[in-house]
Amino acid sequence: MARIIGGIGTTHVPSIGKAIAEHLENDPYWRPFFRGFDYVHDWLARERPDVAVVFYNDHGLNFFLDKLPTFAVGAAAEYRNEDEGWGIPVSKSADGIAELSWHVIERLLADEFDVTMCQDMLVDHAVTIPMALMWPGQARWPVRIVPIAINTVQHPLPSLVRCLKLGRSVGRAIETFEQDLNVVVIGTGGLSHQLDGERAGFINKAFDQLCMDGLAAEPETLTRYSIPQFVEQAGAQGVEFLNWMAMRGALTGRVRELHRNYHIPISNTAAATMVFENVTAANAAGDKAQARLRPVAA
Ligand SMILES: [Fe+2]
């Protein structure tokens, strides 16, 4: 059976892609943000996931305002990126795992989530930048992906509780998939920011901290915010936090925060990175099996 080893939340703002392309990771402006991924790299090297299930929002590359599904699940063998017009290089493609995608889709439908199924799907910077942050300098991504797009753009948006429940359904689906795989779940976007209008440049550090604390301890507490209330607190694009809620929902076991980095501003956004461990009976059994394989010290 597949195991969910943990979850990662990260911002995905396009300027990060430009900084990577220009090798600015140690530039004083960027360093505090990129150093926040040192822990992530160590954790991923230790945990070695086979698959990443990525909750994100599309920014007009695959869906546009004329047709925008609330929830869409990729079921393709490969996911390409294209020039999005942000001045960042086109990313390499990501391999899919269509059999897991279809299993997730079937389980979501059984749980009354009527998702859009995408057998042909472009993925934008909200997938490719987090991948580049987590696995830098790789010729090929070391994981296959299941992209799950959540509408955070065209109102009405799904509620926080709906996204938490979506994540829970996805988590249950992963754990009933019969292949022996280690799966990491990822939520991208946010945190507080607003790109246009009278509040352009808006950042709310106190609310971001409240969201990160809530996510770690008791995500249900965050569902008291309606979408308009959340936009008021986090900014029009801060509502990308819905992707983080779904990621957290997919963590089915005992959840522990392992790492947090928060840095403002990155291109007028509050940039955050979090790592969560997901301890389940299956994971614990896996640990015991691994422990038996370790050589005994002389
Ligand atoms: Fe975004």
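Visitor: Which residue is the bridge partner of alanine 72 in β6?

Guide: Threonine 116 is the bridge partner of alanine 72. Keep in mind that this is a predicted model.

Visitor: What makes β3 and β6 a pair?

Guide: The pairing rule asks for at least two bridges between two strands. Strand β3, residues 71-74, and β6 have 3 bridges, in the parallel sense. So they count as a pair, because the cut-off is two.

Visitor: Why is β6 called an edge strand?

Guide: Start with the sheet. Its 8 strands follow the order β6-β3-β7-β2-β8-β1-β10-β9, and the sheet is open. The edge strands, β6 (116-118) and β9 (254-266), each pair on one side only. Neighbouring strands are turned by 15 degrees against each other on average, with direction ignored.

Visitor: What makes the pairing in this sheet mixed?

Guide: Look at β1. It is joined to strand β8, residues 182-188, by 7 bridges, and these two run parallel. Strand β10, residues 269-279, is joined to β1 by 5 bridges, and here the strands run antiparallel. With both senses present, the pairing is mixed.

Visitor: Which residues stand opposite glycine 7 and isoleucine 8?

Guide: Glycine 7 faces valine 185 in β8. Isoleucine 8 has valine 275 of β10 opposite.

Visitor: Which helices lie across β1?

Guide: Among them is α5, residues 125-134, which also lies across β2, β7 and β8. Its angle to β1 is about 105 degrees. That counts as roughly perpendicular, because the range is 65 to 115 degrees. Helix α9 lies across β1 too, along with β2, β7, β8, β9 and β10. It runs at about 155 degrees to β8.

Visitor: Why are α7 and α9 called roughly parallel?

Guide: Helix α7 (residues 205-217) and α9 (residues 241-249) pack at about 15 degrees, with axes 10 Å apart. The cut-off is under 35 degrees, so the two helices are roughly parallel. Their crossing is right-handed.

Visitor: Which residues of α7 and α9 meet?

Guide: From α7 come Cys211, Leu215 and Ala216. From α9 come Phe241, Trp244, Met245, Met247 and Arg248. By class, this contact has 7 nonpolar residues, no polar ones and 1 charged. Arg counts as charged, so Arg248 is the charged residue.

Methods
Residues numbered from 1 in each chain as written. Predicted model: local features only at pLDDT ≥ 70, side-chain atom pairs only at ≥ 80, totals over all residues. Heavy atoms only, no water. Axes fitted to C-alpha atoms, helices over the stretch in contact; angles between N-to-C directions. Helix = DSSP H or I, 4+ residues; strand = E, 2+ residues; numbered from the N terminus. Parallel < 35°, antiparallel > 145°, perpendicular 65-115°, else oblique. Left-handed = near helix turned anticlockwise from the far one by under 90°. Contact = heavy atoms within 4.5 Å.
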